[in-house]
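Me: I have a structure to read and would like to go through it feature by feature. Can we start with charge?

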Amino acid sequence: MEVKEEKAGLRVPFIAGNWKMNKTIAEAKKLAAEITKSAFNLEGAEIVLCPPFTALYEVAKTIEGSSIQLGAQDIFWENGGAFTGEISGSLLRDVGCQYVIVGHSERRQIIGENDWIINRKVKAALRNQLLPILCLGETLEERQKGLTLTRIKAQLDEALKDVNQDDVSKIIIAYEPVWAIGTGVNATPAQAQEAHHYIRMLLAEKYGQELAACAIILYGGSVKPENASSLAKEADVDGFLVGGASLDHVSFVKIIEKMIEVKGK
Ligand code: PEP
């Protein structure tokens, strides 16, 4: 199934920085302030910072009054109660988050999160008016076995199980091939486009043309200022989820600039 492209223009370029388990509170405040200052004049992109939990409050205060939004790196699926060490959606809203990353490959691979957990986290985010940035992508072994698209479909189906169409339309999808995350080896623009186009087609088949054409699909995996333009030029790449390069304001803002240059209005 092909997706009608007239709605592509409605997709606002979207760049999120995943700081992972980096930055003390003081360092996070400094980085957020530098990004806010350098991105002050940039229009036409949604920018989201995802610091560690410990820095969310101070980063929220630092970006207040700017158009930059706050995201968390994880969420627990219950609303509250005896769940030592976990953070609920309502607590994330309380600290100022609008977004939350769900299903990052580091949580799948290292912590052992499965599709069932990820589905519950997607639903918990939506229930708490948080917009999920849902990560999915194949391992190197799966790619080498020709299972890339099969894996993407399985992850998408499972993550969106019993999520209604209206809620699916709020989800940002991040295609992040595991072999490209933190390795310095990015997917080629053609590999990214193939996966993104496939995801959009799956959304069209299940939720309709309109939703698919408006869906924001990010690429993540060793995005740097040097490769941002060529990836952004692909029709179905609407933005980036950036790890390593988001820890430095110069490289992160350069990536945002490249995205706007290619896809901005
Ligand atoms: C990520 O953590 O989501 C990521 C894409 O990391 P990096 O940009 O460092 O590959």
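This is a predicted model: local features need pLDDT of at least 70, side-chain atom pairs count only at pLDDT 80 or more; totals for chains, interfaces and linings use all residues.

Me: How many salt bridges does a search of the whole structure find?
Reply: Look for a Lys or Arg side-chain nitrogen within 4 Å of an Asp or Glu carboxyl oxygen. The search finds 20 salt bridges in the whole structure.

Me: Which residues are linked in a network of salt bridges?
Reply: Arg 11, Arg 200, Asp 236 and Asp 238 are linked in this way.

Me: Let us take a pair. What is the N to O distance between Arg 107 and Glu 113?
Reply: Their side chains meet in a salt bridge at 2.6 Å, N to O.

Me: Is Glu 113 buried or exposed?
Reply: Compare its relative accessibility with the cut-off. Buried means under 20%. Glu 113 has 8%, so it counts as buried. Arg 107 has 25%, so it counts as partly exposed.

Me: Which residue forms a salt bridge with Glu 141?
Reply: Lys 145 does, and the closest N and O atoms are 3.0 Å apart. Exposed means over 50% relative accessible area. Lys 145 has 56%, so it is exposed.

Me: What about Lys 170 and Asp 167: where do the values fall?
Reply: The side chains of Lys 170 and Asp 167 meet in a salt bridge, 3.0 Å from N to O. Asp 167 counts as buried, at 19% relative accessibility. Lys 170 is partly exposed, with a relative accessible area of 34%.

Me: Now the whole chain. How many helices and strands does the secondary structure come to?
Reply: Twelve helices and eight strands.

Me: Why does the radius of gyration agree with a compact globule?
Reply: For 265 residues, a compact globule would have a radius of gyration near 18 Å. The chain has 17 Å, so the two agree. Along the principal axes, the C-alpha atoms fill a box of roughly 50 × 45 × 35 Å.

Me: What share of the residues counts as buried?
Reply: Of the 265 residues, 52% do. The accessible surface comes to about 11,800 Å². Carbon and sulfur atoms account for 54% of that surface.

Me: And what share of the contacts joins residues at least 24 apart?
Reply: Take contacts between residues at least 6 apart in sequence. Of these, 72% join residues at least 24 apart.

Definitions and conventions. Residues are numbered from 1 along each chain as its sequence is written. Side-chain values use heavy atoms; hydrogens and water are left out. Helices (H or I, at least four residues) and strands (E, at least two) are DSSP runs, numbered from the N terminus. The radius of gyration is taken over C-alpha atoms; the globule rule is 2.2 Å times the number of residues to the power 0.38. Buried means under 20% relative accessible area, exposed over 50%, partly exposed in between (1.4 Å probe, protein chains only). Contact means heavy atoms within 4.5 Å. Accessible areas come from the Shrake-Rupley method with a 1.4 Å probe; for residues, only the protein chains shown count as cover.
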